[in-house]
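Visitor: I have a chain open on my screen and would like to talk it through with you. Could we go piece by piece?

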Amino acid sequence: MMHSKFIGCKLYISESRNPTAIAAIDLAAKTDPQVAVLSKFEDSLYNRVRYTLVSYIIDGSSTGEVIYSPIRKVLLAMMEAAFSAINLESHSGAHPRMGVNDDLSFHPLGQATMEDAAYLAKQVASDIGNDFQVPVFLYAAAHPTGKPVGAIRRELGYYRPNHMGNQWSGTMLPDVLPIKPDEGPTNVSSERGATTVGATPFVEAYNVPVLSKDVATVRRITRRLSGRGGGLPTVQALALPHGDDCTEIACLLDPDHVSAYQVQTVVEQIAAEEGLEVEKGYFTDLTKDRMLDKYLKITAD
């Protein structure tokens, strides 16, 4: 069957140092040949892994609503494997997180619409809340008012390190959440944490290493870079320690509005004002243009 609608998903899991856990998640990702893992990015300092998956969507001929995508079952199998192998209480890393399965974002590809992505995001969020008894917060197009993920995370204290000044360790959410989740219980398991699920335009991940361990100074650069701080539109950015002599600016950007070249240039200019050197940044994922082409080649073989 020929398909015209496709969905891209990015699943962020709080683990990269435990090869047994990663192997179990990898195995779960291979349960349907029509769902392809196009890329996987692991960072041991962050202790975090991101899987990028793509599959097709089938919608109802009369309603136009999504009625099936094989990606739904595969995502749940991967999340179940993660919950079985990872305990958030014993997790630590240099990247913020609030759950074993920390974040899941849906992005329309091909002729799929944002409504398609939001509908599927809400289906999977309901599955997570019901099947795993984990609180789920919807964001962007999946949220009734379009609430951004950053706003939810700030309300939950996501960006505040709780260990050694710039690390995240163990559970970081209270037993009873300060805001009501959209799915699942209001009580939090310290072993599993909570999850955010959203639908957004495709975003590219681009990280820029700044050769300094002065996190506070690099955070000032990050604020001036980000859209929220009055910098480049749509850019979300975090300053995170990355090794002994480096602080990385981890960026998400909408390629339809801003380029990685612009991000690199702005970081270099502001860093020069602070007397800091900057290395060439790098993408951690495929670009939007390559994603659907790669999926179609894989599934055609």
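Guide: What follows is a conversation about a predicted model, taken element by element.

Visitor: Let's start with Asp103. Where is it found?
Guide: Asp103 is found in strand β7, which covers residues 101-110.

Visitor: Is Asp103 buried or exposed?
Guide: Asp103 counts as buried because its relative accessibility is 5%, and the cut-off for that class is under 20%.

Visitor: What does the side chain of Asp103 make a polar contact with?
Guide: The side chain of Asp103 makes a polar contact with the side chain of Tyr139, at 3.1 Å. Leaving out residues up to four places away in sequence, Asp103 touches Lys10, Leu11, Tyr12, Tyr139, Arg153 and Thr196.

Visitor: And Asp102, buried or exposed?
Guide: Asp102 is also found in strand β7, and at 1% relative accessibility Asp102 counts as buried.

Visitor: Which backbone nitrogen lies 3.3 Å from a polar atom of the Asp102 side chain?
Guide: That is the backbone nitrogen of Gly99.

Visitor: What else is Asp102 in contact with, leaving aside neighbours within four places in sequence?
Guide: Asp102 is in contact with Tyr12, Ser14, Arg48, Pro96, Arg97, Arg153, Tyr158, Ala194, Thr195 and Thr196. As for Phe41, which is 61 residues from Asp102 along the chain, the C-alpha atoms of the two are separated by 15 Å.

Visitor: Changing topic, how much space lies in the largest pocket?
Guide: About 1,500 Å³ of space lies in the largest pocket.

Visitor: Which residues lie nearest its centre?
Guide: Arg153, Tyr159, Gln236, Ala237 and Leu238 lie nearest the centre of the largest pocket, out of 49 residues that line the pocket.

Visitor: How does the lining divide into nonpolar, polar and charged?
Guide: The lining of the largest pocket divides into 24 nonpolar residues, 14 polar ones and 11 charged ones.

Visitor: On to the helices. Why does the end-to-end distance of α2 agree with what it should span?
Guide: Helix α2 runs over residues 71-85, and because 15 residues at 1.5 Å a residue should span 21 Å, the 21 Å between its end C-alpha atoms agrees with that value.

Visitor: Which residues of α2 are buried?
Guide: The buried residues of α2 are Ile71, Val74, Leu75, Leu76, Met78, Met79, Ala81, Ala82 and Phe83. An α-helix has 3.6 residues a turn, so residues three or four places apart point the same way.

Visitor: What do those buried residues pack against?
Guide: The buried residues of α2 pack against β1 (5-13), α1 (19-28), β3 (48-56), β7, α3 (114-132) and β10 (195-199).

Visitor: Could you pick out Ala81 for me?
Guide: Ala81 is found in helix α2 and is buried, with a relative accessible area of 13%. Apart from residues up to four places away in sequence, Ala81 touches Ala24, Ile25 and Ala28, while Ala81 and Ala29, 52 residues apart in sequence, are 9.6 Å apart from C-alpha to C-alpha.

Visitor: Now α3: how far apart are its end C-alpha atoms?
Guide: The end C-alpha atoms of α3 are 26 Å apart, which agrees with the 27 Å that its 19 residues should span at 1.5 Å a residue.

Visitor: What covers the buried residues of α3?
Guide: The cover includes β1, β5 (66-68), α2, β7, β8 (136-140) and β10. Among the buried residues of α3 are Asp116, Leu120, Gln123, Asp127 and Phe132.

Visitor: What does Gln123 touch?
Guide: Gln123 touches Val66 and Arg72, not counting residues up to four places away in sequence, and Gln123 is buried with a relative accessible area of 17%.

Visitor: Last topic, backbone angles. Which residue just after α3 takes a positive phi?
Guide: Just after α3, Gln133 takes a positive phi of about 55 degrees. Met164, although not a glycine, has a positive phi of about 55 degrees; Met164 is found in the loop between α4 (149-155) and β9 (168-169) and counts as exposed at 67% relative accessibility.

Visitor: And where is Thr234?
Guide: Thr234 is in the loop between α5 (215-225) and β12 (236-241). Thr234 is not a glycine, yet has a positive phi of about 75 degrees, and Thr234 is partly exposed, with a relative accessible area of 34%.

Technical notes. Residues are numbered from 1 along each chain as its sequence is written. This is a predicted model: local features need pLDDT of at least 70, side-chain atom pairs count only at pLDDT 80 or more; totals for chains, interfaces and linings use all residues. Side-chain values use heavy atoms; hydrogens and water are left out. Helices (H or I, at least four residues) and strands (E, at least two) are DSSP runs, numbered from the N terminus. Buried means under 20% relative accessible area, exposed over 50%, partly exposed in between (1.4 Å probe, protein chains only). A polar contact is a pair of N or O atoms within 3.5 Å; within protein, one must be able to donate a hydrogen and the other to accept it, and residues adjacent in sequence count only if both atoms are side-chain atoms. Contact means heavy atoms within 4.5 Å. On a 1 Å grid over the protein atoms alone, a cavity is a set of points where a 1.4 Å probe fits but cannot get out, and a pocket is an open set with protein on both sides within 12 Å along at least five of seven lines; lining residues have an atom within 4 Å of a point. Grid points are joined across faces, edges and corners, and a volume is the space filled by probe spheres set on the points. Ala, Val, Leu, Ile, Met, Phe, Trp, Tyr, Cys and Pro count as nonpolar, Asp, Glu, Lys and Arg as charged, and the others, Gly among them, as polar. The expected span of a helix is 1.5 Å times one less than its number of residues.
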